[in-house]
Amino acid sequence: METFNIPATPSLMKEFLRQMGGTAVIDGGLATVLELHGADLNDPLWSAKCLLTSPHLIRSVHLDYLEAGADIIITASYQATIQGFEAKGFSREQSENLLKKSVDIALEARRIYYERWSKSSSGGTGDGRILKNRPILVAASVGSYGAYLADGSEYSGCYGEAMTVNALKEFHRRRVQVLAEAGPDIIAFETVPNKIEAQAFAELLEEEHIKIPAWLTFNSKDGVNVVSGDSLLQCASIAESCKQVVAVGINCTPPRFIHDLILAIKKVTTKPIVIYPNSGERYDADRKEWVVSSFSL
């Protein structure tokens with residue numbers, strides 16, 4: 001089997017995209033497909049609950065996305081935090097092992113995918129699955145502080161006046177260290193809702209000398225600013241100034257805003273742009289569910 005030499009350096013994403021011909025496909029919603037497989041995610045841990053109850057389902061979803069053509073798979077750690085696991089009664093060591101497990105599952109899915117490819121005689125199987133020897137990245141997901149709160153505040157960015165950059169760094173510090181040490185190709189800081197958390201992530205990468213590169217993606221509800229109302233340009237500039245951040249972009253945002261947001265980000269960065277919007281629905285924090293927006297496209 002061919003090996004793909006993509007060093008874990010600031011050039012990772014550009015080299016990966018060069019090998020992919022300029023663009024790559026990220027997987028889709030993990031929780032949505034886990035629920036289709038029968039998983040009950042009504043829990044503060046959300047999709048990370050399956051790390052405890054049904055890791056085989058996570059691996060199966062990763063494989064489904066790879067066989068559908070995804071080039072990047074994102075781990076089931078978006079809402080997985082040491083603090084969240086400890087609240088469930090797990091020890092610090094057990095909590096860290098669960099974080100590591102999220103990366104191990106994705107790496108195993110990639111290995112199985114390559115094994116399936118090596119046993120196939122062509123790039124397809126006749127049933128719609130894509131089996132192709134290509135570079136595949138495993139991205140370790142780090143959700144925002146608001147995701148840990150499980151109250152929808154990652155969609156508002158309102159953490160209260162008492163929250164600071166230093167407090168956010170201490171909240172995320174060990175989690176980021178554990179995920180980086182688990183051996184992903186890249187760290188995905190996702191659904192970043194405000195400027196202070198972007199700053200916290202950037203400073204953490206530098207302070208801890210994290211050797212794994214990262215991307216930062218923000219969310220927006222107006223197509224101009226991030227959801228807190230902070231300037232998207234200022235947030236993207238933080239990502240641009242951090243050498244460990246190799247790509248910057250938008251996730252969990254209505255598709256109708258994406259084009260203008262890309263143009264805005266490109267004003268302040270030359271780094272690759274990462275885009276994975278939502279379906280256009282709006283999160284209702286009181287009902288804890290996504291609801292159809294009047295303007296969903």
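Angles under 35 degrees count as roughly parallel, over 145 as roughly antiparallel, 65 to 115 as roughly perpendicular and the rest as oblique. This is a predicted model, where local features need pLDDT of at least 70, side-chain atom pairs count only at pLDDT 80 or more, and totals for chains, interfaces and linings use all residues. Residues are numbered from 1 along each chain as its sequence is written, and side-chain values use heavy atoms, without hydrogens and water.

**Sheet**
- Six strands form an open sheet in the order β1-β2-β3-β4-β5-β6, paired in parallel (strands: DSSP runs of E, at least two residues; helices: H or I, at least four; both numbered from the N terminus; pairing: at least two DSSP bridges).
- β1 (72-74) and β6 (273-276) are the edge strands, each pairing on one side only.
- Neighbouring strands are turned by 25° against each other on average, direction ignored.
- Strands β2 (residues 137-142) and β3 (residues 186-192) run parallel, joined by 4 bridges.
- Ser141 stands opposite Ala188 in β3.

**Helices on the sheet**
- Helix α1 (residues 12-20) lies across β1, β2, β3, β4 (214-218) and β5 (245-251), at about 140° to β2 (axes: lines fitted to C-alpha atoms, for helices over the stretch in contact; angles: 0 to 180 degrees between N-to-C directions; contact: heavy atoms within 4.5 Å).
- Helix α6 (residues 92-119) lies across β1 and β2, at about 160° to β2.

**Helix pair**
- Helices α9 (residues 195-207) and α10 (residues 232-241) pack at about 5°, axes 9 Å apart.
- α9 and α10 are therefore roughly parallel to each other.
- From α9, Lys195, Ala198, Gln199, Ala202 and Glu206 meet Gln234, Cys235, Ile238 and Ser241 of α10.
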